[in-house]
Every structure is written in structure tokens, then in C-alpha cells.
Amino acid sequence: MASIVETTIRSVVTKGVETVAAFNRKRQSSDRPHAFLSGLHTPVTEERTITDLTVTGTIPPELSGRYVRIGPNPFRPDPRGHHWFVGDGMVHGVCLKHGKAEWYRNRYIRSRTLEAAGGPAAAPGPRLSADFDTVNTNIIQHRGKTYALVEAGSFPVELTHELESITYSDLEGTLRVPFTAHPHEDPLTGELHAITYAGTVQDKVWYVRISPEGKVTREVVIPVEHGPSIHECSITANHVLVFDLPVTFSMSAVIGGATFPYRWNPEHKARVGLLPKDGSAEDIIWCEVDPLYVFHVANSYEAEDGTVVVDLCAYETMFEPGQGGGVDGPAGKPLGLERWTIDPTTCKVSRKTIDATPQEFPRPDERFFGQPYRYAWSMGLATQDPDNFIGHAPIFAFDLHTGARTERDFGPGKVPGEFVFVPRGAQAPEGDGWLMGYVIDTASGTTDLVILDAQDIAGAPIAIVHIPCRIPPGFHGNWLAD
């Protein structure tokens, strides 16, 4: 434990650095164009409840629940130092029941940061950090509760069925470290697995396991260097995958006024760790991989020959200074969907391109997460306007057994977000169900919740719920069944 003197020194240094950073931010132009504060990404200015939603087609009666997505929506946007990843969180949800679309709602996550900017009063509950409680990256359901999530420093926020912030939650006092935006549920056990990190801690990250009852049952410290940004993890039957890749904390970015202080670091060794679920940090098998970055995994599993297979979307670099640098948002050359085969005996990683088309947000049938699987779906990236990351692009469906790829383009001016798979029923075969997600109509400034047949995404939509307002491109959404 740090001594009082060490703690005091760190506090003074942090305040000094933040003073310089704030000064440098103020020196930047407040009028400069910002790709993630304009156009599609222009923040919405009000919270709405809309109950008279028009539907084209027929909503399957089996769909009873909410499709909810979260993303950044700055309450008082200021381009000086702003990065897409740090805006105030806002959730957008549609409730489906009895073949009808009952409502659309959008609500801010009630953080103290939002309240300090003049927004709604903050939700109660414990904070891990007095300086950081913005939550804007993912929405999950666990133990019948809805949680909004972010990485690198904040506890989850519990939401009502109507998407109001109830409280910040440390999971009944069991969560003592930062959480993640991407925990993964093992469908065979009901446990959540996560690799977490803190922006203020450079020498360690954590493995956290949460029981089906919603309490932390394991917390393992994993030594690292340079403060890596670990956005995602994955699991197999016996392992948790740790992606320790060359995007790390950058003090120079902080001093320069950046609000997202992570940059490409070629001095940081790229590696993937195989952590036994019940093991310690000393038991991790570290396997070197080519320098690259990964935001999101489709799935991973253990092959019959003892290797670990993981499918993911990779980038040649990310947030590299001098090449866009991620000053406003993600900036890096996408390599498409890849399959990595990790050999724990030789500690080698072999890479194979499944599809080189720029894409992101790969999703499987979650009932097969951590197990051998066949189907995956993803969202294309904007190749015509890469500065905006998200734009007009198709979505994709992959049959990984046959190698077949199907795509769906929603038409000119139509911009899809992440689409998620919903099974037709608990016992339905893998991939038998629907794919759903938001699609923005840039011409009308409206949004559709589109429901497709997951096995025929190029076919006519099953149903379209018309939402008479624009939902800005966000990060992650999920179907939260009643």
C-alpha cells in the first residue's frame, strides 16, 4: 500500500498535470470542425418518450423485451480536446411486446460529470473515482438487472426497465476495482468474465469473475507495463484471453489536452495471454503476436488439437501519432475479420484473414460463446469517409463452416449500427432467429429499428419500427429479453 507521502506526491503531480492539460485544451480552437460532434454524430438535445411508433411488417410475437443501445452524447459539446469515446452516456431503447412496439425512450446516464455540466441530477451510489463516472459504452442484462457499462474507471450503473438511472453499483460491495465495457457471459455457467483496467494505473490490470447471482467471486491482479488499453477479452471452456496490445497510456497526450489519453506505442510488446479460469497471473501462457490492435472479438473456443481459436476484427495500428492519431476518434487501418490460432505449447499465434473488408462489431449467437460455432455477423466501416468511422456501409453475415458471406446494403443515405442476434427460442439451432439494429436515414433525420431473418439478411425485413428522430451512432446494444 502506498504511504501517505507517496499518495500526496501523486495527488500533487496529477493536479499539476491536469492544470497544464486544461490550459492546453483552452488554447485549442473552439470553432474547429469535429467529425464526432457534427453530422450523424451531432448530439441530441432532449430526452424523449414516444409511444405511437409506426411499424412496417410484422414484429414476431416471440420478441418480448427491449433493444437498447448506448453511446456518447455530450451534454455541452466542446471540440477542444474532445474524443468520441468520452462523451456523456445516453441510452436509446425500443420495447417490443405482443407483436407491438410499445415505446422508444432515450435517457442520459445520470453521472456527476453530467450534473456538474448543468445536466440532470446525478444518480446515487458508490463511485470508484471522484473524477470519473461517465458511463457510455455497453448495456447488458445480468441476474434480471440492466446495467450500463464503461471501461477504465467506473462502476456499472443499474437502470430501470424504462432506462432511468437507478444507482451506481459495486455489486453489493464485492466489486473493488474498475469494471469493463465487455464482460462475457459463459452460457454454460451463467458467470461473467472480464479483464479490467484503470486509466490511472500503469502496472497492472485485473481479471474479474461474477457469479450468476451478481457478485464478484474472483479478482486476479495481472502485471503489465505502460498502462495498456484493453477494451475486450474473450473466453473458452478453460481460459480467459487477455489482449495486451500496443495502445497504451500517453502522458504527452494528456499534457497536450487530450481527454482520451491512449496512443499507439511501438515499444510495447504485443501479446495474448491464456489465463486459466481458476489460475493466477503466474499461470498465464503469454503468446507473442504481430503488433496490431483489437477492439472486438466475435468468439473463441478450444480446438480438438489443444489450440485456442479466436475470431476478431484487427487493425494494423490504432491512435498512431502523425496518422490521424485518434485525436477525435478511432484512427487506424482496418484489416477485416481474422482468425487467430493460438498454440499454448509453442506460444505462437498464426493469423488468417477470413474477410479483408473493413468491418467492426462482430457478433455471434451468444448461446455458443466460448464454444465451437458456425455463424457470425458484423457491421461494415465507412470507407468513403473514414474520418467518421461509421457511415454508409453494409452489414455482413458469415457461415464459417462453408466460408459463405452475405451482405445487406440498406440503400443510399442509410447508416447501420451494430446488429445483434436474437434466437427464435432457447432451444433453437444456432443461427435460427433474427438480427436487429438501428439504421439512420440521413435524408429524413429519422431512425429505424430493423429486424431481419438472421439466415437471410439480404431478404425483405421481417419488421421495421420507425422512430421519428435521429439516434446518433453509438457503441453497443443488446436485446434484453423480458
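Which residue forms a salt bridge with Asp-311, and how far apart are the closest N and O atoms? The partner is Arg-339, with the closest N and O atoms 2.7 Å apart.

## Basis of the model

This is a predicted model, in which local features need pLDDT of at least 70 and side-chain atom pairs count only at pLDDT 80 or more, whereas totals for chains, interfaces and linings use all residues. Residues are numbered from 1 along each chain as its sequence is written, and side-chain values use heavy atoms, with hydrogens and water left out.

## Salt bridges

The structure holds 25 salt bridges, a salt bridge being a side-chain nitrogen of Lys or Arg within 4 Å of a carboxyl oxygen of Asp or Glu. Strands (E, at least two residues) and helices (H or I, at least four) are DSSP runs numbered from the N terminus. Asp-311 counts as buried because its relative accessibility is 1%; buried means under 20% relative accessible area, exposed over 50%, and partly exposed in between, with a 1.4 Å probe and protein chains only.

Arg-363 and Glu-418 also form a salt bridge, at 3.1 Å from N to O. This pair links distant parts of the chain, with Arg-363 in strand E24 (residues 359-364) and Glu-418 in the loop between strand E28 (414-416) and strand E29 (420-423), 55 residues apart. Both Arg-363 and Glu-418 are buried.

A salt bridge of 2.7 Å, N to O, joins Arg-405 and Glu-407. Arg-405 is partly exposed at 34% relative accessibility, and Glu-407 is partly exposed at 37%.

## Nonpolar cores

In soluble globular proteins, nonpolar side chains tend to be buried together. A nonpolar core is a set of buried Ala, Val, Leu, Ile, Met, Phe, Trp, Tyr and Cys residues joined through side-chain atoms within 4.5 Å. The largest nonpolar core has 56 residues, and those with the most contacts inside it include Ile-195, Ile-222, Val-310 and Trp-340. Strand E21 gives the largest share of this core, five residues.

Not counting residues up to four places away in sequence, Ile-222 touches several residues, among them Ile-195, Val-205, Leu-275 and Trp-286; contact means heavy atoms within 4.5 Å. A second, separate core of 22 residues includes Leu-63, Val-94, Tyr-438 and Ile-471.
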